[in-house]
Amino acid sequence: MSQDKIDIKDVTPKQFNPKTHKSSSDRFNPNSGIYVRQSKGTFQKLRRYGGWFLLALFVLTPWISFGDRQAILLDIGSQQFNFFATTLFPQDLTLLALLFVIAAFGLFFITTFLGRVWCGYLCPQTVWTFMYIWFEEKLEGPANKRRKQDQLKMTSNLLARKALKHLAWIAIAIATGLTFVGYFVPVKELIVDFFTFNSEFLPAFWVLFFAGCTYGNAGWMRSIVCLHMCPYARFQSAMFDKDTYIVGYDPKRGESRGPRSRKKDPKELGLGDCIDCNLCVQVCPTGIDIRDGLQYECINCGACIDACNETMGKMGYEKDLISYTTEHKLAGHKTHIMRPKLIGYGIAMILMVGLFIAQIATVEPMGLDVLRDRNQLSRINNTGLIENTYTLKIINKTQQEQNYLLSVTGLEEVTWYGSQNVNVEPGEVLSLPISLGANSDELSAPITTITFEIKNNDQQVIKAESRFFKPL
């Protein structure tokens, strides 16, 4: 077996004992509830502040204006994607594909280096789940209290607190749905129309759909999404090796575990530093026992590290019994950070970023497509000229009105029927029908290649090729 492979451990879950809290709940059973205990510490502050920053970015971005428009608006109906001063159209969506490729290689790089930190700190499922748990803590009490009261008969006081909790959850879910749809529909109009019941069917449907998903995923399913639905947990093993940083427990220092007095020397009792308080299990959002070894359910959130460090501090022991570490370090070997797989992912990501920047730099502020009249290739008009008809699709990709000058090359003497100077509104796709007339004596071949050109106020030129047909 390759030395880079991580050993398989049997972590078959044991049934949870609500009296002792000494074993993990059956996290593979969707009906088994996990009561997450609040954890405080360095990593939880980092996760919380990072989550609030990304949440604020998500909520506030649709409200940023650029001129008289929403700065970022992905208008699928009009097939226009506005990013501040630039409007992208379907033909520019290779940029979106490149963004997805960059994100994929970025995720591979981070996972190979730092494990599932995306899941623990940045994943929307984690951010919203911990937000919902915060409301649960404030309205129903700590985890131990919630676990006990859920075993008792429902009282009017508990019913009122649970109802208030669900109302808060629903409010957050609706706000989330409105914000998400606000990236695709003007957010100000969306909110007014939604709460005045004047919204069209599709926007209202998607707001309620994403609100329902938020409420169900963060409020009810939580770890079920991570354990049973998220594909990332399944294919992460292809990126992990023994030099990947994971949340790990040091069994050499911690075993044998067991309770003891703070005044007792654990060595005299034949014990390690782990006092078997089980806090690392109680604070885990996926309900695992990190002392059983690396498990795919671990999302690297660091909650167990903060809980264990707090306990070690109270006992007067050295911290980091549970820490961000590697399998090699736990085995007493040196951790190799720079390794071929990590370097390969990094190079691929840098190349994709460079290609993306190059593509962005070459995006034209205008576009031109030429459509020929398919009903009639050519005709003789009343002046005796051969006439071909075209429709010019002129795209203004900027956020300002533009004036364009039109011309054609490829014919020595040509008569232009239609406007050659047009104004196009921001983000507008203007369909301009025109005709070209040429003398038969000047056409040496049945088909002549011609080039249409448009020039903006900054003297930038876009060209599109077409054909001029001569009657047989």
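This is a predicted model: local features need pLDDT of at least 70, side-chain atom pairs count only at pLDDT 80 or more; totals for chains, interfaces and linings use all residues.
Helices (H or I, at least four residues) and strands (E, at least two) are taken as DSSP runs and numbered from the N terminus. Residues are numbered from 1 along each chain as its sequence is written, and side-chain values use heavy atoms, with hydrogens and water left out.

The chain contains 15 helices and 16 strands. Its radius of gyration is 32 Å, well over the 23 Å that the globule rule gives for 472 residues, so the chain is more spread out than a compact globule. For this comparison the radius is taken over C-alpha atoms, and the globule rule is 2.2 Å times the number of residues to the power 0.38. The C-alpha trace spans about 110 × 60 × 35 Å along its principal axes. Buried residues make up 44% of the 472 in the chain, where buried means under 20% relative accessible area, exposed over 50%, and partly exposed in between (1.4 Å probe, protein chains only). With contact defined as heavy atoms within 4.5 Å, residues 24 or more positions apart account for 66% of the contacts with a separation of 6 or more.

The accessible surface of the chain amounts to about 25800 Å², and carbon and sulfur atoms supply 61% of that area. Accessible areas come from the Shrake-Rupley method with a 1.4 Å probe; for residues, only the protein chains shown count as cover. The chain carries 50 positive and 44 negative side chains, and the centres of these two sets are 14 Å apart. In this count Lys and Arg are positive and Asp and Glu negative, with His and the chain ends not counted; the place of a charge is NZ of Lys, CZ of Arg, CG of Asp or CD of Glu.

The buried residues of H8 are Pro-203, Ala-204, Val-207, Ala-211, Thr-214, Gly-216, Ala-218 and Gly-219. These buried residues pack against helix H4 (124–140), helix H6 (156–181) and helix H7 (187–195). Just after H8, Arg-222 adopts a positive phi of about 50 degrees.

Most residues other than glycine have a negative phi, and most peptide bonds are trans. The loop between helix H11 (251–254) and helix H12 (279–282) includes Arg-257, and Ser-256 and Asn-278 are also located between H11 and H12. The peptide bond from Glu-255 to Ser-256 is cis, with omega near -5 degrees. Arg-257 is partly exposed at 28% relative accessibility. Not counting residues up to four places away in sequence, Arg-257 touches Tyr-249, Leu-271, Cys-274, Asp-276, Asp-289 and Arg-291. Its C-alpha atom is separated by 9.2 Å from that of Gly-270, 13 residues apart along the chain. Asn-278 has a positive phi near 70 degrees and is buried, with a relative accessible area of 2%.

A positive phi near 70 degrees is also assigned to Asp-320, in the loop between helix H13 (303–315) and strand E7 (322–325). Asp-320 counts as partly exposed at 43% relative accessibility. Gly-316 is found in the loop between H13 and E7 and is exposed, with a relative accessible area of 64%. The C-alpha atoms of Gly-316 and Ala-358 are 56 Å apart in space, for a sequence separation of 42 residues.

Ala-348 lies in helix H15 (residues 340–361) and is buried at 17% relative accessibility. The C-alpha atoms of Ala-348 and Val-101 are separated by 9.5 Å, although these residues are 247 positions apart along the chain. Ser-378 occupies the loop between strand E8 (366–372) and strand E9 (379–380) and counts as buried at 15% relative accessibility. Not counting residues up to four places away in sequence, Ser-378 touches Ile-386, Glu-387, Asn-388, Phe-469, Lys-470 and Pro-471.
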